[in-house]
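Have the model open beside you.

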Amino acid sequence: MEAGLPARLHHTASAAPAGIVHLGLGAFFRAHGAIYVEQAMAASGGDWGIIGVSLQSPGTRDRLAPQGWAYTALELGPEGETAQVVTVLRDVLVAPENPQAVLDAMAAPAVRIVSLTVTEKGYCHQPSTGRLNADHPDIRHDLAGPLPKSAPGFLVRALQARRAAGVGPFTVLCCDNLPENGRVVRGVVLDLARLIDPDLATWIEANVAFPSTMVDRIVPATTPDDLDRVKALTGQRDEAPVMHEPFRQWVVEDRFCAGRPDLGAVGVQLVDDVTPFEHMKLRMLNGTHSSLAYLGYLAGHQTIADTMADPDMAQFVDRLWRSEIIPALTPLPGTDLAAYADALAARYANPAIRHRTWQIAMDGSQKLPQRILGTIAEGRAAGRPVPGLTLVMAAWMRYVSGRDEAGAAIEVKDPLAPQLAALWHTDPVATVDAFLALAQVFPASLRDDPGFRSDLVGALNLLLGHGARAAVRA
Ligand code: CS2
């Protein structure tokens, strides 16, 4: 070490075999699932160490390698910070560099779970139907040869290798914010397997478990300032720390085909059916997160905490929960939804978490069907007014136009971005009609609902005429 430089975080990874391969090694998994698994091993033992896989770029691997795959998780509470070093990773692989190494890791007999956080778009499915999009460029690639690019491709090819080698199946544990996420990933895996080898599809259907899960912890992207913060607190330079709020929740269907860590010992809720939990979380948390992201961004707010500090925005989101979202949810025994909303408001307001509205605004075309449009459709079918969520859809349309209220460019990140920007017309009615024609985003019941169309035109006119802040107040 050079004099004057802080020590660099260093660790020697355990040589015990890994029990889990995780696809999509982003900050969220490192601040959520990985910590639960590490704690479950500390509580009850088991070789559940994790091999992380980056499906896109080598950055995380390159930053973690010199640290022996260890990293700091910094908990940011309103009253202070606590750091812990997480050492559950055994290795990190970069799929585009060596897809065969990823398949070999997934086919190892010691691996009994493959978990995933590959974001909504990583499943290469049609959000409105849940089925595989066989025309997706990565799926086309995966059908043409044995070395995949997509997450469904890796799952199918690894299961194919395990079946051929007489190694049993692994459990596929989806940890993305999709409704009935296990069912969705099972559907896309079976769709792809059928196109590759129908017998393999039958074997997967009979042998592989796909439990659904609900995951929750707010984990903003790590910034260069965060690296300094960790160094100041721990005295060690960590090139890849993760920042997270104190709250965490993981609800998992207890259907594993090859064993699991003792997750129950560390507070994971093991249940028969995760659907009501997922609906509550996706609609109450993610639905309002997206609402605050679009309206907050348009009103000039950088983060969720800044947006919540704006009384009009805080009141707006409170009204969304109480008048539009909670009335559409099936009550969950033992859960007080009004108290859940209060707890969310407090989590959002945590000033230590700098969660950018721009980050949450990403990939709206993939997120809004399950976060917001389901609530709108059910509200309208029940004759319940949903003006707030309709305004949010107008705000999303405005956001993806690529220009903010001051005419400045917005860096829109969405797989449909170019297509969405092209839907804008000078006439708001024509714009709404162009958006409503998007079958991959809007469910049929809303595309054919003249009342929704006219409410959306009204919301868009309000937003264009008066701006996000005034629209929220109205
Ligand atoms: C957020 C989520 O980025 C987003 O779209 O809504 O990542 C959210 O922070 C988590 O789901 C919280 O559990």
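The dialogue below goes from strands to rings.

Q: What kind of model is this, and how are residues numbered?
A: This is a predicted model: local features need pLDDT of at least 70, side-chain atom pairs count only at pLDDT 80 or more, and totals for chains, interfaces and linings use all residues. Residues are numbered from 1 along each chain as its sequence is written, and side-chain values use heavy atoms, with hydrogens and water left out.

Q: How do strands join into a sheet?
A: Strands of a sheet pair through backbone hydrogen bonds, either parallel or antiparallel. Strands (E, at least two residues) and helices (H or I, at least four) are DSSP runs, numbered from the N terminus. Two strands pair if DSSP finds at least two bridges between them. Here, strand 7 (residues 113-116) and strand 8 run parallel, joined by four bridges. Ser115 has Leu173 in strand 8 as its bridge partner.

Q: Are the faces of strand 8 buried or exposed?
A: Buried means under 20% relative accessible area, exposed over 50%, and partly exposed in between (1.4 Å probe, protein chains only). In strand 8 (residues 171-174), Thr171 and Leu173 on one side are buried, and so are Val172 and Cys174 on the other.

Q: Which strands form the open sheet, and in what order?
A: The order is 9-12-13, with mixed pairing. Strand 9 (213-216) and strand 13 (269-271) stand at the edges with a single partner strand each, so one side of each has no neighbour in the sheet. Strand 9 pairs with strand 12 (residues 249-253) in the antiparallel sense, over four bridges. Thr213 has Val252 in strand 12 as its bridge partner.

Q: What packs on this sheet?
A: Contact means heavy atoms within 4.5 Å. Axes are lines fitted to C-alpha atoms, for helices over the stretch in contact, and angles run from 0 to 180 degrees between N-to-C directions. Helix 10 (residues 275-298) touches strand 9, strand 12 and strand 13, and its direction makes about 35° with that of strand 9.

Q: How many aromatic pairs are there?
A: Rings of Phe, Tyr and Trp (its six-membered ring) pair if their centres lie within 6.5 Å; planes under 30 degrees apart count as stacked, over 60 as edge-to-face and the rest as tilted. The structure holds six such pairs. One of them, Tyr36 with Trp250, is tilted: 5.4 Å centre to centre, 50° between the planes. Tyr36 lies in helix 2 (residues 33-44) and Trp250 in strand 12, so the pair ties together parts 214 residues apart in sequence.
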